[in-house]
Amino acid sequence: MDDFLTEIPLNSIPGFRTGHAQDDEGLTGCTVILAETDMAAGVDVRGGGPASRETELLSPVAACERIHALLLGGGSAFGLRAAEGVMRFLEENGRGFDTGFARVPLVCASCLYDLGIGDAHARPDADMGYRACLDSRHNRAVCGNVGAGTGCTVGKLRGAASMMKSGLGCYAVRAGEIMVGAIVAVNALGDVFDIDDGRRIAGMLSPDGQRFDDSEQALFRACARRSDNLFTGNTTIGAVVTNARFDKTRLKKIAAMAQNGLARTIRPVHTSADGDTVYALSSGDALANQDAVGTLAAYVMGKAVNVAVRSAQGTPGCPAARDLPFRA
C-alpha cells in the first residue's frame, strides 16, 4: 500500500452503520447499510442476472436524490423480501421521505443466489432484515460467513461439485481526510485472485480437489459449443462508502469504477450467469476528486473481495481457502 494510504476499519467511516443477520443452518443471510440521516447513492450493474429492488431510484433522471438504506442479501429474488423489514425498522424510528401524509423509507436492495448450498428453502425475509437493522446498532466490521456472505461460493463454472466457500469481505482506507471503504458478498462464477500479486486464491477445484482448475481457460474451450447453459447460481454484490460529498450522478461513475475491483480479482466476471451489482454511497461533506475516489473504490473493492475469500469458513463438501490441501 502507498505510504499516503492508511488502512482503517470500515466502521470508522462516519455516517453509516452496518448490520448483519443470518441463518447459519440454512446458509443464507443479509447485510444492511443504514445512513445515520440519509445518503446519496449510485449503482452500476454489470452482470446479466441481477435480483434488485428500487434501483431505478438511483437513475440520474429520477427525482430521488437521497435514500435511507441499502440491503444486500442471499435468497435470490426471494431475499428481496428482507427489505420490508428494513422499511419497518426505519418507519418505527421516524425515518423516511416526508410525503406530507407519512414518511416513506427509501430502501434499495440487491440479492445473490445461494439456494444451491444449505437449505434451498431458507431465505432472508422481513424479520431477518429487521434483525440486521437491530444489529447495526453494534456497527460491527465482521467478515466471512456472516450476513449476505453466509451462503456465498465461488468457482462454479462446472457446478457445485467443484466450487469453494466464500463470504462477506470489507476493507477501507484513508487518504488525507478522505475515507473510502468497500463491503462485498462474493458469490462468483469465476476464480478469485489476489489484487496485489495476481495469485489465484480460490476458485474451481479439480475433480480430486487437489489443485485449482482454470475457469477462464475452461470457458475459452467452451467457445464452440452452442449451449449457453452456465451454472447460474452466482452474483457478486457490494457497496463502496465514502465520507466525500458526491451526488448520485457522480456516485454512479464511482460505482462503475469500483467494478474494476471485481475485474481485477475475479475471472471470468460480469457474465450472463452473474448478476454483479455495485453501489456507491456518500453521506459526508468532504471535498474530493471524483476520479481519485473512483480509483480508490476499485482498489478497496478488490481488497474486500480477497478478504471475503480468506475469511470464509468451509462447509461440508465445500472447502474454503483456509482448508485447501495444497499451496495456493
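How many bridges join E3 to E17, and in which sense do the two run?

Modeller: Six bridges join E3 to E17, and the two run antiparallel. Before we go on, a word on the model: it's predicted, so local features need pLDDT of at least 70 and side-chain atom pairs count only at pLDDT 80 or more, while totals for chains, interfaces and linings use all residues. Residues are numbered from 1 along each chain as its sequence is written, and side-chain values use heavy atoms, with hydrogens and water left out.

Now, the strand itself. E3 covers residues 28–45 (strands are DSSP runs of at least two residues, helices, H or I, of at least four, numbered from the N terminus). It's mostly covered, with 14 of its 18 residues buried (buried is under 20% relative accessible area, exposed over 50%, partly exposed in between, using a 1.4 Å probe and protein chains only).

Back to E17: there, serine 282 sits opposite alanine 40. Next comes E2, residues 16–23, which is antiparallel to E3 and joined to it by eight bridges (two strands pair if DSSP finds at least two bridges between them). E2 and E3 form a hairpin with four residues between the strands, where leucine 27 takes a positive phi near 60°.

Then there's E5, residues 67–73, which pairs with E3 over six bridges, again in the antiparallel sense. Look for methionine 39, and you'll find isoleucine 67 of E5 opposite it.
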